[in-house]
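Please look through the sequence and the three-dimensional model below before reading on. The report then takes up a few parts of the model in turn.

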Amino acid sequence: MVYIDLHVHTTVSDGTLTPREVVRYAKEKGLKAIAITDHDSTEGNKEALDEGAAIGLRVLPGMEISVKCPYGAMHLLGYCIEINNGYLRENLDLLSKARQQRNSKILDKLKDIGMALEYHDILKIAGGQQIGRLHFAGALMKRGYAGTRKEAFERFLKKGGPAYVDRFRFNPKEAIGLVLKSNGFPVLAHPCTLTGLDTEELDGFMGELVGLGLKGIEAYYPDHTDEQILCFEKLAEKYGILATGGSDYHGDNKPEIDMGAYRGDTRLPFSVIDTIREFNYK
Ligand code: AMP
Ligand code: ZN
Ligand code: FE
Ligand code: FE
């Protein structure tokens, strides 16, 4: 077993290390491979791939998109997507525009409830291209409106919170279709954030997703309990899909999560990457 991490954010979305720095950090930590999975963007992949080639670390291109779903939060990872695919770029542009519109509405809501925040505060914290709620949380913390980012989510930004604004998302069929049409490998991210489903219903929903072309499930994830891991491993086996894992590393924006950490001593075998790439080049 060697050490890989298939869920890593950079400054392109809401991580704090640049794509180059993320690759160097992975190498320092002794990892053999990482996947770049920024929200709604593939912009960081080229720099990471180039750096990986230069220093000898395997980098899988990827992205993470939020999906419209009645069961809590559903995120989809797309691995080995063609980063310059025109269809993919068009659709990611759409998501970016929806995100920008949502962001200005979040700011309006925060101002309405008395928070002295301006757009440049958020821009300064974001630094990169894609602005997300984690940056709003950082800005709220900096202004003293919350002690931690988590608290900022709890008090203001979480779904149902006073500054929550929904945004356009693809439904599961569209999201999985987008990854497949970009010749990528679609994986359900952190299934623990799917809520309101009992074991049987989760099984049924997984069956639906696999029917739409889902190829993997992120079984190994820092928030998963041992029971959840077992349950997701069983689902992977039942549906003949790949059990993958990642830390959801965000650098200092989520300081409690280090790269390469899923749970306990779990280590993903490098063969997971071979399976993804085999599919990709078939
Ligand atoms: P967005 O895509 O802009 O809606 O932001 C979603 C991101 O916010 C997630 O991927 C996490 O990085 C972060 N996030 C969501 N909920 C929480 C929470 N309760 N605590 C900390 N970060 C969160
Ligand atoms: Zn994030
Ligand atoms: Fe996610
Ligand atoms: Fe993520």
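How many Å separate the iron ion (ligand 4) from the zinc ion (ligand 2)? The answer is 4.6 Å.

## About the model

This is a predicted model, in which local features need pLDDT of at least 70 and side-chain atom pairs count only at pLDDT 80 or more, while totals for chains, interfaces and linings use all residues. Residues are numbered from 1 along each chain as its sequence is written, chains are lettered from A and ligands numbered from 1 in the order in which they are written, and side-chain values use heavy atoms, with hydrogens and water left out.

## The iron ion (ligand 4)

The iron ion (ligand 4) is coordinated by His7 (NE2), His9 (NE2), Glu64 (OE) and Asp248 (OD), at 2.1 to 2.2 Å. Donors here are N, O and S atoms within 2.8 Å of the metal (3.2 Å for Na, K and Ca), and because water is not among the atoms, sites may look incomplete. The angles that the four donor atoms subtend run from 77 to 168°, which makes the arrangement irregular; four donors count as tetrahedral if all angles lie between 85 and 135 degrees, four count as square planar and six as octahedral if opposite donors are over 155 degrees apart and all others between 65 and 115, and anything else is irregular.

Histidine 9, in the loop between strand S1 (4-8) and helix H1 (19-28), and aspartate 248, in the loop between strand S8 (242-245) and helix H10 (271-280), form a pair that links parts of the chain 239 residues apart. Helices (H or I, at least four residues) and strands (E, at least two) are DSSP runs, numbered from the N terminus. Histidine 9 is buried at 0% relative accessibility, and aspartate 248 is buried at 6%, where buried means under 20% relative accessible area, exposed over 50%, and partly exposed in between (1.4 Å probe, protein chains only).

## The iron ion (ligand 3)

The iron ion (ligand 3) has Glu64 (OE), His75 (ND1) and His190 (NE2) as its protein donors, lying 2.0 to 2.2 Å from it, and 5.9 Å separate this ion from the zinc ion (ligand 2). Glutamate 64 lies in strand S4 (residues 62-67) and histidine 190 in the loop between strand S6 (185-188) and helix H8 (199-212), so the pair ties together parts that are 126 residues apart in sequence. Glutamate 64 has a relative accessible area of 1% and is buried, as is histidine 190 with 4%.

## Strand S6 and its neighbours

In S6, Phe185 and Val187 point one way and Pro186 and Leu188 the other way, and all are buried. Strand S5 (residues 74-79) pairs with S6 in the antiparallel sense over four bridges, with tyrosine 79 opposite phenylalanine 185; two strands pair if DSSP finds at least two bridges between them. S6 also pairs in the parallel sense with strand S7 (residues 216-220), over two bridges, and valine 187 stands opposite glycine 216 there.

## Helix H5

Helix H5 (residues 133-142) is largely enclosed by the rest of the structure, because seven of its 10 residues are buried. Among them are Leu134, Phe136 and Leu140. The buried residues of H5 pack against helix H3 (86-112), helix H4 (119-126) and helix H6 (149-157), where contact means heavy atoms within 4.5 Å. After H5 comes glycine 144, whose phi is positive, near 85°.
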